[in-house]
Amino acid sequence: MLYTYSDTEYAPEKCSLCNGAGYTDGKICEACGGQGNVLVAQPAIICPLCGGSGNLDTGTCKACGGSGWALFR
Ligand SMILES: [Zn+2]
Ligand SMILES: [Zn+2]
């Protein structure tokens, strides 16, 4: 299902930080808020900073919030 806001379409994509589970280490996933997926502008673009992993050597990727997707364009 696609959600349309103005001229941009969004669709849920699997959260990379929790791998779709909705939680990490027994806590609600900070990237998706426990949903297991995140709304991403279509066509979905993998976050260029972390390469879609949601994690960097320095911690959770700030650009995508850990979701692994480029949330905005
Ligand atoms: Zn998540
Ligand atoms: Zn990222």
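Guide: Strand β5, residues 37-41, has a covered face made of Val 38 and Val 40, and an uncovered one made of Asn 37, Leu 39 and Ala 41. In a regular strand the side chains alternate between the two faces of the sheet. Strands here are DSSP runs of E with at least two residues, and helices are runs of H or I with at least four, numbered from the N terminus. This is a predicted model, in which local features need pLDDT of at least 70 and side-chain atom pairs count only at pLDDT 80 or more, while totals for chains, interfaces and linings use all residues. Residues are numbered from 1 along each chain as its sequence is written, and chains are lettered from A and ligands numbered from 1 in the order in which they are written.

The partner of β5 is strand β2, residues 8-14, and the two pair in the antiparallel sense over 5 bridges, where pairing requires DSSP to find at least two bridges. Within this pairing, Lys 14 stands opposite Asn 37 of β5.

Val 38 also belongs to the largest nonpolar core, which has 13 residues, and is among those touching the most other members, as are Cys 15 and Cys 18. Such a core is a set of buried Ala, Val, Leu, Ile, Met, Phe, Trp, Tyr and Cys residues joined through C-beta atoms within 7 Å, and buried means that 20 or more other C-beta atoms lie within 10 Å of a residue's own, with C-beta atoms placed from the backbone. Across the 73 residues of the chain, 26% count as buried.

Definitions and conventions
Buried ≥ 20, exposed ≤ 12 C-beta atoms within 10 Å, placed from the backbone.
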